[in-house]
Structures are given as structure tokens and as C-alpha cells.
Amino acid sequence: MLRIIGGEWRSRKVPFPNVENLRPTPDRVRETLFNWLQNITPGARCLDLFAGSGALGLEALSRGASSATFIDSSPAATHQLKDNLQALKCQNGEVIVSSALNWLESRQTDAEPRYDLVFLDPPFRKEMVSIICELLEKRNLLSDHAVIYIEAESELNQLIVPSNWQENRSKTAGQVTYRLFYRDPT
């Protein structure tokens with residue numbers, strides 16, 4: 001079970017399937033992250049790539065985000081996420097079954113909505129972060145002052161992000177290092 005930490009659905013528990021490599025962002029990490037994002041989340045259009053349990057997007061919706069798009073390649077995870085959104089009576093969550101990479105590559109530059117807040121939590125040790133970050137910029141999917149959250153394995157030595165992203169905060173919890181980047185539109 002996944003517990004939503006704050007907002008409208010505070011303390012609600014929702015199930016998630018037992019899918020290989022599905023690891024919801026821990027409660028303490030989510031609590032810290034959303035303390036960092038408290039002034040950004042309300043009204044934000046969110047993109048939850050590698051959504052898995054949907055922990056980050058659900059937390060954002062609970063805290064007032066205007067919408068969340070959940071992308072995950074697991075049919076079991078996306079089916080449960082749809083059920084959870086329905087149980088929470090949430091109308092502003094969209095769930096798409098696709099790999100994050102395929103979904104991003106299929107986006108049409110300048111024809112897509114732009115996101116204010118992106119959650120990027122790819123499978124560990126697959127070296128996908130830099131490619132995904134580049135595609136977010138290349139496909140013009142980010143609002144001018146978007147905020148991007150990246151969760152990766154702590155031993156990741158080099159995190160390559162677009163030059164107009166500035167790291168604002170970072171923290172390590174066990175095997176996970178999580179970072180918050182602010183996008184500069186210039």
C-alpha cells in the first residue's frame with residue numbers, strides 16, 4: 001500500500017501491484033520533496049515519467065496540481081493507477097501505457113502541452129536520465145520556468161542535464177539521490 005502524505009487525500013492508502021523494479025518513492029523523500037515544492041505544486045501541470053505506483057503524481061494532485069499525466073510501460077501498474085484515480089474521484093489525471101522514451105519521441109514539438117513540474121524516476125542503472133532530459137527540451141515539453149525532479153541511484157557519477165537547468169537542491173537517502181532542477185528559459 002502507498003500512503004499519500006499531504007493535501008486533499010492526506011493519509012489515504014492506495015494499492016500498487018507487485019511489479020519488478022517498481023519502487024515507490026519513500027514517504028520521507030516525498031515529504032521532503034513536496035516541502036521543497038509547496039509553492040510550485042498548486043495549479044501546476046505535472047508529468048510523471050516512469051510513474052510506477054504514481055506516488056509522485058498522486059501526491060502532486062492531492063496538493064493542488066491542476067493535472068497530471070502518468071506514463072509507464074507496465075500494464076499492471078497503469079491499470080492499478082487508473083483504478084486508484086477512480087477511487088480518489090480524480091478527473092484530472094491521465095494514464096498512458098508507454099515507455100517514457102517512446103512517448104517522448106512521439107511528441108510533436110510545439111504541438112503539445114507544456115509541463116510545469118516533471119517527475120523523472122527511471123529504473124536504476126539503465127543510464128536513461130540524460131536521454132530523457134534531452135528529449136524533454138528537444139520536444140519543447142517544458143514551460144519556461146519548469147521544475148524537474150530527478151531521482152537516481154546514489155552511485156550515478158555524472159548526471160548530464162541541459163545547460164539551462166540549474167540544480168536548486170539535492171539530498172541523498174540510502175541508495176537514492178534526488179535533485180530538483182529549475183529551468184531557465186533563456
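Q: With which residue does Glu59 form a salt bridge, and how far apart are the closest N and O atoms?
A: A salt bridge is a side-chain nitrogen of Lys or Arg within 4 Å of a carboxyl oxygen of Asp or Glu. Here Glu59 pairs with Arg30, and their closest N and O atoms are 3.1 Å apart. Glu59 lies in helix α2 and Arg30 in helix α1, so this pair ties together parts that are 29 residues apart in sequence. The model is predicted, with local features needing pLDDT of at least 70 and side-chain atom pairs counting only at pLDDT 80 or more, while totals for chains, interfaces and linings use all residues. Residues are numbered from 1 along each chain as its sequence is written, and side-chain values use heavy atoms, leaving out hydrogens and water.

Q: Where do the helix and strand labels come from?
A: Helices (H or I, at least four residues) and strands (E, at least two) are DSSP runs, numbered from the N terminus. Helix α2, for example, covers residues 55-62.

Q: Are Glu59 and Arg30 buried or exposed?
A: Buried means under 20% relative accessible area, exposed means over 50%, and partly exposed is in between, with a 1.4 Å probe and protein chains only. Both Glu59 and Arg30 are buried, and the value for Arg30 is 0%.

Q: How many residues of helix α2 are buried?
A: Eight of its eight residues are buried, so the helix is mostly covered. Among them are Ala55, Leu58, Glu59 and Ser62. Just after α2, Gly64 takes a positive phi of about 105 degrees.

Q: Which other residue meets Arg30 in a salt bridge at 2.5 Å, N to O?
A: An α-helix has 3.6 residues a turn, so residues three or four places apart point the same way. In this structure the side chains of Arg30 and Asp27 meet in a salt bridge of 2.5 Å, N to O. The two are three residues apart in helix α1 (residues 27-36), which means they are separated by about one helical turn. Asp27 is partly exposed at 31%.

Q: Which residues are linked in the network of salt bridges?
A: Arg3, Asp27, Arg30, Glu59 and Arg63 are linked in it. The structure holds six salt bridges. One of them joins Glu155 and Arg125, with the closest N and O atoms 2.7 Å apart. That pair links distant parts of the chain: Glu155 is in the loop between β7 and β8, and Arg125 is in the loop between β6 and α5, 30 residues apart. Glu155 is partly exposed at 39%.

Q: What describes a pair of aromatic rings?
A: The distance of the centres and the angle of the planes describe it. Rings of Phe, Tyr and Trp (its six-membered ring) pair if their centres lie within 6.5 Å; planes under 30 degrees apart count as stacked, over 60 as edge-to-face and the rest as tilted. A search of the whole structure finds five such pairs. Phe119 and Tyr149 make an edge-to-face pair, 6.3 Å centre to centre with 65 degrees between the planes. They sit in distant parts of the chain, Phe119 in strand β6 and Tyr149 in strand β7, 30 residues apart. Phe119 is buried at 0%, and Tyr149 is buried at 0%.

Q: What kind of aromatic pair do Tyr149 and Tyr178 form?
A: Their pair is tilted, 6.3 Å centre to centre and 50 degrees between the planes. Tyr149 lies in strand β7 and Tyr178 in strand β9, so the pair ties together parts that are 29 residues apart in sequence. Tyr178 is buried at 2%. Phe34, Trp36, Phe119, Tyr149 and Tyr178 form one aromatic cluster.

Q: Which residues does Thr69 touch, not counting residues up to four places away in sequence?
A: Contact means heavy atoms within 4.5 Å. By that rule Thr69 touches Cys46, Leu47, Asp48, Glu94, Ile96, Trp103 and Tyr115. Thr69 is in strand β4 (residues 67-72) and is buried, with a relative accessible area of 4%.
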